[in-house]
Amino acid sequence: MSSHRPVVTAAALAATVCLLATACGGGSSSSDGKASGRSTEAAADASKSGYPVTLDNCGRKVTFKEPPGRVVAMNGASVAEVSTLLALGLGDRIVANQQTYGMSEVPGRAAAIKKLPTGDVTLNDAYDIPREAMLGLRPDLVLSTTSYGFDEKNGFATRDQLEDVGANSYVSPQGCDQDTSRMTVADSYQLLRDMGKVFGVSDKAEQLIAASEKSIAAVAEKVKGEKKPNVMVLFSNMTMGGNDFSSVVAKGIYNDILDKAGGTNAFENASETSFADLSKEKVAATDVDALVVIGYNDPDPAAYAKKLLKEFPQWPAARNNAYVTLSDSMYLGPSNDLAVRKIAKMLHPDAV
């Protein structure tokens with residue numbers, strides 16, 4: 001493993017381990033407009049679109065009387081929420097966004113995210129928005145990948161505190177108990193569907209969902225009956241534990257994406273949680289037919305993939321130079337169909 005890997009600090013590790021299992025198909029539309037407040041037009045649209053809208057979110061009833069106009073997307077080591085809003089054409093509602101990977105499978109997505117306002121806040125040790133700064137942003141909706149982002153002991157504004165100042169809050173699917181190991185592509189659709197209802201753009205959300213489902217079904221049909229290669233999924237140049245390979249995916253949405261692409265996770269049974277912390281010996285002893293390397297703010301994940309293939313020449317993946325690099329399409333978010341297609345092309349080039 002590379003000696004220059006970024007090491008996640010102790011304060012940030014909790015956030016990363018809890019939240020990194022999520023993120024960002026079809027939904028390629030984006031908006032980089034400036035944030036705007038509620039308008040009379042929005043209120044009029046609300047009355048025509050079936051407001052108020054109430055969601056049951058982590059056991060809380062959250063009611064929206066009109067589409068939110070001042071949205072804050074917390075970091076959470078994710079781009080799921082901001083990508084979903086952009087795919088729905090809602091970039092102008094965002095007053096502060098802390099989510100970024102610096103890359104995306106969706107053309108223009110990374111650039112659109114980069115243009116969004118950040119709120120000019122000083123982040124805390126968990127690389128997210130502390131309570132006082134959050135309240136100072138005067139949001140009417142705060143999005144967090146998991147409930148971690150509303151935990152008072154971590155210095156964040158709680159959902160009750162936000163409600164006291166007139167702000168709604170939302171925890172993304174499978175994030176209520178901070179365990180994303182059960183996450184599937186269906187949760188990406190749920191996030192799209194919920195945001196569609198909240199902002200009165202359900203038709204757009206359903207169009208994106210239908211396009212993604214159609215794309216994934218087409219790929220799944222082509223690889224049906226093919227032998228499923230053993231795939232290693234991991235983050236490039238990232239340390240999250242004590243062993244040489246501490247960012248290896250074990251469970252979560254990744255496995256659902258692999259399955260739809262005609263593959264299986266070589267390390268699915270290595271951990272009961274989303275990630276496995278593995279020794280070099282364990283990795284070397286496992287037959288790996290292909291690599292999926294996820295670049296989380298790594299400018300060159302392909303170099304990392306090539307390094308691994310050279311380090312483990314006994315792998316079938318090394319003999320066949322079988323790897324693909326991805327970023328936001330492997331996470332909770334609107335672009336999972338892109339990951340399914342890219343992985344399927346790598347695993348089954350003659351079928352897809």
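Contact means that heavy atoms lie within 4.5 Å. This is a predicted model, in which local features need pLDDT of at least 70, side-chain atom pairs count only at pLDDT 80 or more, and totals for chains, interfaces and linings use all residues. Residues are numbered from 1 along each chain as its sequence is written, and side-chain values use heavy atoms, with hydrogens and water left out.

**Exercise 1. Ser246**

Task: State where Ser246 lies, whether Ser246 is buried or exposed, and which residues Ser246 touches.

Solution: 
- Start with the element. Ser246 belongs to strand 8 (residues 245–249). Strands (E, at least two residues) and helices (H or I, at least four) are DSSP runs, numbered from the N terminus.
- Next, burial. Buried means under 20% relative accessible area, exposed over 50%, and partly exposed in between (1.4 Å probe, protein chains only). Ser246 has 4% relative accessibility, so Ser246 counts as buried.
- Then the neighbours. Leaving aside residues up to four places away in sequence, Ser246 touches Met238, Thr239, Met240, Gly241, Ala276 and Asp277.
- Look at Met240 again. Its backbone nitrogen is reached by the side chain of Ser246 at 2.8 Å.

**Exercise 2. Helix 8**

Task: Check the span of helix 8 (residues 202–223), then find which residues are buried and which are exposed.

Solution: 
- Span first. The expected span is 1.5 Å times one less than the number of residues. For the 22 residues of helix 8 that gives 32 Å, and the end C-alpha atoms are 32 Å apart, which agrees.
- List the buried residues of helix 8: Ala205, Leu208, Ile209, Ser212, Ser215, Ile216, Val219 and Val223.
- Recall the geometry. An α-helix has 3.6 residues a turn, so residues three or four places apart point the same way.
- Turn to the face away from the buried side. There sit the exposed residues Asp203, Gln207, Lys214 and Glu221.
- Ask what covers the buried residues. The cover includes helix 3 (80–87), helix 7 (185–199), helix 9 (253–260) and helix 13 (336–347).
- At 30% relative accessibility, Ala220 counts as partly exposed. Its C-alpha atom is separated by 6.2 Å from that of Ala261, 41 residues apart along the chain.
- Gly225 follows, with a positive phi near 90 degrees.

**Exercise 3. Aromatic pairs**

Task: Classify the ring pairs Phe235–Tyr331 and Phe312–Trp315.

Solution: 
- Set the rule. Rings of Phe, Tyr and Trp (its six-membered ring) pair if their centres lie within 6.5 Å; planes under 30 degrees apart count as stacked, over 60 as edge-to-face and the rest as tilted. The count comes to nine aromatic pairs.
- Apply it to Phe235 and Tyr331. The centres are 6.1 Å apart and the planes at 40 degrees, so this pair is tilted.
- Locate both rings. Phe235 is in strand 7 (residues 230–235), and Tyr331 is in the loop between strand 12 (323–326) and helix 13, 96 residues apart.
- Apply it to Phe312 and Trp315. At 4.6 Å centre to centre and 20 degrees between the planes, this pair is stacked.
- Check burial. Phe312 is buried, at 1% relative accessible area. Trp315 is buried too, at 0%.

How values were computed
A polar contact is a pair of N or O atoms within 3.5 Å; within protein, one must be able to donate a hydrogen and the other to accept it, and residues adjacent in sequence count only if both atoms are side-chain atoms.
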